[in-house]
Amino acid sequence: MNTAVETIDGLCGRLARYLEDDEIRQVKRAYLYSEQAHDGQKRRSGHPYIIHPLQVAEILADMRMDHQSLMAAMLHDVIEDTGITKDALENQFGEAVANLVDGVSKLTHINFETHAEAQAENFQKMTLAMARDIRVIIVKLADRLHNMRTLGSLNPEKQRRIARETLDIFSPIANRLGMYELRSELQALAYRAMYPMRIERIERAVLKASGNRKKIVSEILESLTDALERAGIKTRTEGRGKAANSIYRKMRDQRKSFSDIMDVYAFRIITDSADDCYRVLGVVHNLYKPKPGRFKDYIAIPKGNGYQSLHTTLFGMHGVPVEIQIRTSEMDALASGGIAAHWLYKEGSDDIAAVQRTNRWVKGLLEIQQRAGSSLEFIENVKIDLFPDDIYIFTPKGKIMELPTGSTAVDFAYAVHTDIGNGCVACRIDKALAPLSTILQSGQTVEIVISKYAKPNLAWLSFAVTGKARSAIRHMLKNQQRSESVNLGQQLLGRALENLGTNLDQVTEQQQNLLISERKFPEFDDLLEDIGLGNRIAYSVARSLLPNADLTPGMLSQSTDARPLAIKGSEGLVTSYAKCCRPIPGDPCVGHISKGRGLVIHHATCNNISDIRDDSEKCVPLAWDEDLQGEFYTALKILVEAETGIIALIASAVSDANAAIDRINREERDAKTSVIILKVGVRDRKHLAQVVRSMRRIKSVTKISRIRA
Ligand code: MN
């Protein structure tokens, strides 16, 4: 498989075995494009760069991958190394190939080296999550295999790092996809780079031992073949050698001696059908005594990656252990190629979605499973591996956070720490500022901007998806509402007391305690909260605090002179602006203490409060704070003569006056006139007047008025 440097024409010759002429031409075109793009670049080995993509394509051709994968292999480093864009590739080679190249480039971008080994599992999952099209992974694995084959030209330290990464990330991925042959080679190369001396020593020992083993191997082989021939089953039997790296691993992990491992003889028997596999099993169990507990039926119950085979261990002649694998040639092809062998290259065409292709692969597994007639569990595992419901996000320090798909920056902030979530005001996704509601994608690096004064926002609940974020936001809002209600209750009670000729400071603790024990409140703050929420009337509380106060009508009538409550503009949870009249700073206004909702601010002339405006138990006079900031929304009714494009004219008049449009609706009144309802955000009345003036300049506008219920 480790072919010598081949030319593109040589490769095309080999492709003719399984691809159409047109497909081969496209592969060649991708090669020529890439050759030109990489012109002048060299590999560390000194070879022209194009040799690398060409040989990656060869690895894929050995797996008989489709022409699009081969084209992607030719182009896989073009975006990364030559500054040619994805769009340019799409124009040249179509969307499917451009997406593959882009996917491979993105995987390259993930900086594996800086991350701890403990995160390897997450990296594997992330790699799978990032590749919508499973071919991206296969091309990436081929890329990695070629880099491992040519590792020798790097310095030893870099070799070890890449080898480690190969063992931690790529070889487990190959295993998940059932690509054993590729995985074995990756592992062998990685171990050689990491433990060169030890591997060499083992290889020498294997060579020495194989002389002694030869005789026993051929004896066992002969008796196996004889027995199978006598039973009349068509089979091919081969001995299996052991790779130095797997011997090393067994010695290290299973604490076995070299001779323990070398004294096991391994064979593989390939036959035609699953039925024959079981017949072969009968024959070999009849020939040598099976070792109890070692038989595994992966035909009836395939492994999670689709691997099928029968495994058994026998006591051979002289009692030597003999390991046998029995499978059909189809199973054998799948066992070495895995997902790549499942590839339906003949059906490949540009318009078949990648996901559909992968689904087909999973369906293929499902069929195997149904034929085998056992649980569906392994299919679920495969699905989870290939279509994870999770995304993987980096913190700025390179730690990986696992979040459910659909998570936003707010979810991420809370996942990092509750304090980060509570304090977040903005975020940077891959260094660019983005709204907190942005839905995150696997592989992004997210940095949260926090402020000491920030508070969770009610609106976050409309996009936060994780339980942790949602419960933390609710908890904070509840606390926030509590402190706002207590504060408002205190102001309302203070004002009521002032009208009775006293103030809160003069109320003794004794009076407070008496009242809260009467009303069964645990604390005075609970009483204030109840007032703030509008459940309790400040005046009656004030009176019960001062049972002996002078309650002459004259005193009460002073209420209108009392200092009004100030509206600070920061719309809180217990203060809100009435939707019926939409007051803005500058408007005369009145606060309605609404049961359970706190203080609702109305325009003083709003019809909805006209009956209760003077009821000092239900309404309080309000004044706008001097230096108010923010945007306040109000609604206008605009009468216009029919004109096309009037909505656009109004919209531009509003933005000329630097105001924000929240909504704009048009209702036909008759053939000549229309009514436009405009919801607009302004700083105050003065600003609104500017907006109105700006709109009056439009000829067809005949009348503008505020909407009040
Ligand atoms: Mn590469």
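Contact between two elements is taken here to mean heavy atoms within 4.5 Å. On this criterion, the predicted model shows helix H12 meeting helix H13 through Arg 198, Ile 199, Ile 202, Glu 203 and Val 206 on the H12 side, and through Ala 244, Asn 245, Ile 247, Tyr 248 and Met 251 on the H13 side. Classified by residue type, this contact comprises 7 nonpolar, 1 polar and 2 charged residues.

The geometry of the pair was also computed. Helix H12 spans residues 196–230 and helix H13 residues 244–253, and the two pack at an angle of about 105° with their axes 9 Å apart. Because angles of 65 to 115 degrees count as roughly perpendicular, H12 is described as roughly perpendicular to H13.

A separate description applies to an open sheet of 3 strands, in which the order is S10-S9-S11 and the pairing is antiparallel.

Strand S9, formed by residues 424–429, pairs with S10 in the antiparallel sense over 3 bridges. Within this pairing, Cys 427 has Ala 434 of S10 as its bridge partner. The sheet is also packed against by helix H19 (residues 409–416), which touches S9 and S11. The direction of H19 makes about 80° with that of S11.

Technical notes. Residues numbered from 1 in each chain as written. Predicted model: local features only at pLDDT ≥ 70, side-chain atom pairs only at ≥ 80, totals over all residues. Heavy atoms only, no water. Pairing = 2+ DSSP bridges. Helix = DSSP H or I, 4+ residues; strand = E, 2+ residues; numbered from the N terminus. Axes fitted to C-alpha atoms, helices over the stretch in contact; angles between N-to-C directions. Parallel < 35°, antiparallel > 145°, perpendicular 65-115°, else oblique. Nonpolar A, V, L, I, M, F, W, Y, C, P; charged D, E, K, R; others polar.
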